[in-house]
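Colleague: Hi! Could you walk me through this model while I have it open on my screen?

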Amino acid sequence: MARLRERFDPSAALGMPAHITLLYPFMPPELMGAAVLQQVRAAVAGTCGFAFSLARVDRFPGVLYLAPEPASPFIELTRLLAHEFPEFPPYGGRYEAIVPHLTVAQAGGAEQSHAEAELLSSLSGSAGIACSCSELVLMENAAGRWEPMHVFPLAPRH
């Protein structure tokens, strides 16, 4: 999957690791002081880490992605953060539904079909990619390259 992202997802070339976005766009880095970081910390304080898998391939227009299963923990985290920061709705408020996803390719037409065939082939015969979410990472790209700005650990799994 990493090679597909490198070839078909421009954000990978700018330092963005494979991820499932919770709240984007968010405030400019210069406004993210200690009070904002504490708000994020408080919003997710009761959330435990969780396991999920990436096995289902799906599409948005121009985007090929892996859908996390279960999706509900990501939806809940997004709702918690959006409630805490209502001035920054998910995806700028452009979409009604929250659809957690890990972007593999930003492409259309033949490129998207080629990337999808490669991705499906790499997942063939497997139960998908087993994953674990144990932290949230606040990323910023003020300098034109994505960098981690702050890490918010989730509570240990029960």
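Modeller: Happy to. Strand β1, residues 50-60, runs antiparallel to β4, and 5 bridges join the two. Keep in mind that this is a predicted model.

Colleague: Noted. Which residue in β4 is the bridge partner of F50?

Modeller: That would be C133.

Colleague: And what is the strand order in the open sheet?

Modeller: The order is β3-β2-β1-β4, with antiparallel pairing across the 4 strands. β3 (102-106) and β4 (129-133) are at the edges, and each has a single partner strand, so one side of each has no neighbour in the sheet. From one strand to the next, the twist averages 35°.

Colleague: How many bridges pair β2 with β3?

Modeller: There are 4 bridges, in the antiparallel sense. If you want a place to look, Y65 stands opposite T103 in β3.

Colleague: Is β3 mostly covered or mostly open?

Modeller: Mostly covered: 4 of its 5 residues are buried.

Colleague: Okay, what about helices? Which strands does α5 touch?

Modeller: Helix α5, residues 109-123, packs on the sheet and touches β1, β2 (63-69), β3 and β4. The direction of α5 makes about 145° with that of β1.

Colleague: Let's move to α3. Which of its residues are buried?

Modeller: In α3, which spans residues 34-43, the buried ones include V36, L37, V40 and A43. Looking down the axis of α3, the buried residues fall within an arc of 125°, so they line one face of the helix.

Colleague: And what is on the other side of α3?

Modeller: A34 and A35 are there, and both are exposed.

Colleague: What do the buried residues of α3 pack against?

Modeller: They pack against α4 (72-84), β5 (135-140) and β6 (147-153).

Colleague: Switching to charges. How many salt bridges does the structure hold?

Modeller: It holds 5. One of them is between the side chains of R7 and E118, at 2.6 Å from N to O. This pair links distant parts of the chain, with R7 in helix α1 (residues 2-8) and E118 in helix α5, 111 residues apart.

Colleague: How accessible are those two, R7 and E118?

Modeller: Both land in the middle category. R7 is partly exposed, with a relative accessible area of 48%, and E118 is partly exposed at 28%.

Colleague: New topic: I keep clicking on I20. Where is its place?

Modeller: I20 is in the loop between α2 (10-13) and α3. With a relative accessible area of 14%, I20 is buried, because buried means under 20%.

Colleague: What is I20 in contact with, leaving aside its neighbours within four places in sequence?

Modeller: I20 is in contact with F52, L54, P68, F74, P100, H101 and L102. As for E118, 98 residues from I20 along the chain, the C-alpha atoms of the two are separated by 21 Å.

Colleague: Last one: how many aromatic pairs does a search of the whole structure find?

Modeller: The search finds 8. Among them, F26 and F85 form an edge-to-face pair, 5.1 Å centre to centre with 90° between the planes. F26 lies in the loop between α2 and α3, and F85 in the loop between α4 and β3, so the pair ties together parts that are 59 residues apart in sequence.

Colleague: Are F26 and F85 buried or exposed?

Modeller: Both are buried.

Colleague: And which residues form one aromatic cluster with F26?

Modeller: F85 and F88 form that cluster together with F26.

Colleague: Great, thanks for the tour!

Terms used:
Residues are numbered from 1 along each chain as its sequence is written. This is a predicted model: local features need pLDDT of at least 70, side-chain atom pairs count only at pLDDT 80 or more; totals for chains, interfaces and linings use all residues. Side-chain values use heavy atoms; hydrogens and water are left out. Two strands pair if DSSP finds at least two bridges between them. Axes are lines fitted to C-alpha atoms, for helices over the stretch in contact, and angles run from 0 to 180 degrees between N-to-C directions. Contact means heavy atoms within 4.5 Å. Buried means under 20% relative accessible area, exposed over 50%, partly exposed in between (1.4 Å probe, protein chains only). The arc is that of the directions from the helix axis to the C-beta atoms. A salt bridge is a side-chain nitrogen of Lys or Arg within 4 Å of a carboxyl oxygen of Asp or Glu. Rings of Phe, Tyr and Trp (its six-membered ring) pair if their centres lie within 6.5 Å; planes under 30 degrees apart count as stacked, over 60 as edge-to-face and the rest as tilted.
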